[in-house]
Structures are given as C-alpha cells and as structure tokens.
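Open your viewer and get ready to click along. We will go from stop to stop, selecting a few residues each time and looking at what is there.

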Amino acid sequence: MDWIEIVDALYRFGRGQDMRDKELFASAFATDATLDFQPAAAKWGGVSPLMTGRDTIVDTIFTVLSDVDTTHVVTNPRVRIDGDTAQLTAIVEAQHLRSGDHSVYALLKNHYEVELVRDGSRWVARRIVIDNAWYQGTPTAFFG
C-alpha cells in the first residue's frame, strides 16, 4: 500500500495542475517542501527560482500556469522505502499549451527525483528535483 501512496503523491502533483485544483496539488507536498525546477530550466536557457514551502510552491505554479492548459503523464516510477521516508524516481511528460492559442506550446520529458515523508496515511513530497531529458516547442514562453 505504501508504494501506491508514494506514487500517488506525484499523480496528485500532475493532476492538480491539469485540473487547476489547488487543493489536490497542495496535497502532494509537505509544508516545508522544496520544488527545484532549475536543472530543467537550465537545459533551454531559462531561469527558475528554488521554490520553498508548500504555499509558495502552489502560488508560484498556479500563477505561472494561470493561462496554460497542461497534461502530465507519469511513467516508470521506482520507489525505495526506508521507514517513514521514501525516494521516488519517475519520468513525467508534461505538455503545456497556451490557453486560447495551442500553437504556443512546450512538450517536456522530465526526470523527477522525489524525497517523500509519511504524513498520516498519506505520503507527501518534501523535495522534488526536475531535470529535462528533452523538449519540443518553446518552454521559455511559459517558464521564462
């Protein structure tokens, strides 16, 4: 059951964005979480701040993606559990399309490294590092 709940944290991360559901998205994170998109952004010459704290992460992502339609697909999850902590690696394909003009897009294939902690019956991400394997389109149209 832990394995499913651990991977579900990443599903909540993606589905929360796709459905514009802040509560679902926030449920993927510990209160003191960090989200590091810097390695991915560096691949296309972009800059991303290190996001620290669940509220900051939620506010930043939902501001950046306020006029963006997204779909996230999680694949190849690998989990290692050590008591109340876990490590998760996965590949996430993330499609970003400008709302109202889908000719402006970025398709990203990213490697995720996630550190999680048990939070009651759920697992939440304490740290997510996202690195880009490849992309198509114009990521800087969305992420600067």
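**Stop 1: a patch on the surface**

Start by selecting Met1, Trp3 and Ile4, which together make a nonpolar surface patch of about 380 Å². Keep in mind as you look around that this is a predicted model. Met1 sits in the segment before α1. Is Met1 buried or exposed? Its relative accessibility is 72%, and residues over 50% count as exposed, so Met1 is exposed.

**Stop 2: along helix α1**

Now select residues 2-18, which form helix α1. This helix has 17 residues and spans 24 Å from its first C-alpha to its last, close to the 24 Å expected at 1.5 Å a residue. Which residues of α1 are buried? Colour Glu5, Ile6, Val7, Ala9, Leu10, Arg12, Phe13, Gly14, Gly16 and Gln17 to see them.

Pick out Arg12, which belongs to helix α1. Its relative accessible area is 2%, and under 20% means buried, so Arg12 counts as buried. What does Arg12 touch, leaving aside its neighbours within four places in sequence? Show Glu5, Leu24, Phe25, Ser27, Ala28, Arg122, Trp123 and Val124: Arg12 is in contact with these residues.

**Stop 3: a cluster of rings**

The structure holds 10 aromatic pairs. Select Phe13 and Phe25 to see a tilted one, with 5.4 Å centre to centre and 40° between the planes. This pair links distant parts of the chain: Phe13 is in helix α1 and Phe25 is in helix α2 (residues 22-26), 12 residues apart. Both Phe13 and Phe25 are buried.

Because Phe25 lies in helix α2 and Phe62 in helix α4 (residues 54-64), the pair ties together parts that are 37 residues apart in sequence. Phe62 is buried, as is Phe25.

**Stop 4: charged partners**

There are 8 salt bridges to look for. Go back to the end of α1 and select Arg20, which comes just after this helix and takes a positive phi of about 55°. Which residue is joined to Arg20 by a salt bridge? The partner is Asp69, with the closest N and O atoms 3.0 Å apart. Asp69 lies in strand β3 (residues 68-82) and Arg20 in the loop between α1 and α2, so the pair ties together parts that are 49 residues apart in sequence. Asp69 is partly exposed, with a relative accessible area of 28%; Arg20 is partly exposed too, at 43%.

Next, select Glu93 and Lys109, a salt bridge whose closest N and O atoms are 2.9 Å apart. Glu93 is in strand β4 (residues 85-98) and Lys109 in strand β5 (residues 101-119), so this pair ties together parts that are 16 residues apart in sequence.

Move on to Arg127 and Glu115, whose side chains meet in a salt bridge at 3.6 Å, N to O. Arg127 belongs to strand β6 (residues 122-137) and Glu115 to strand β5, 12 residues apart.

Key. Residues numbered from 1 in each chain as written. Predicted model: local features only at pLDDT ≥ 70, side-chain atom pairs only at ≥ 80, totals over all residues. Heavy atoms only, no water. Phe/Tyr/Trp six-rings, centres within 6.5 Å; stacked < 30°, edge-to-face > 60°. Helix = DSSP H or I, 4+ residues; strand = E, 2+ residues; numbered from the N terminus. Buried < 20%, exposed > 50% of the residue type's maximum accessible area, 1.4 Å probe, protein only. Patch = residues over 30% accessible without salt bridge, like charges linked within 9 Å, V, L, I, M, F, W, Y side chains within 5 Å. Areas by Shrake-Rupley, 256 points an atom, 1.4 Å probe, with all protein chains shown as cover. Salt bridge = Lys/Arg side-chain N within 4 Å of Asp/Glu carboxyl O. Expected span 1.5 Å × (residues − 1). Contact = heavy atoms within 4.5 Å.
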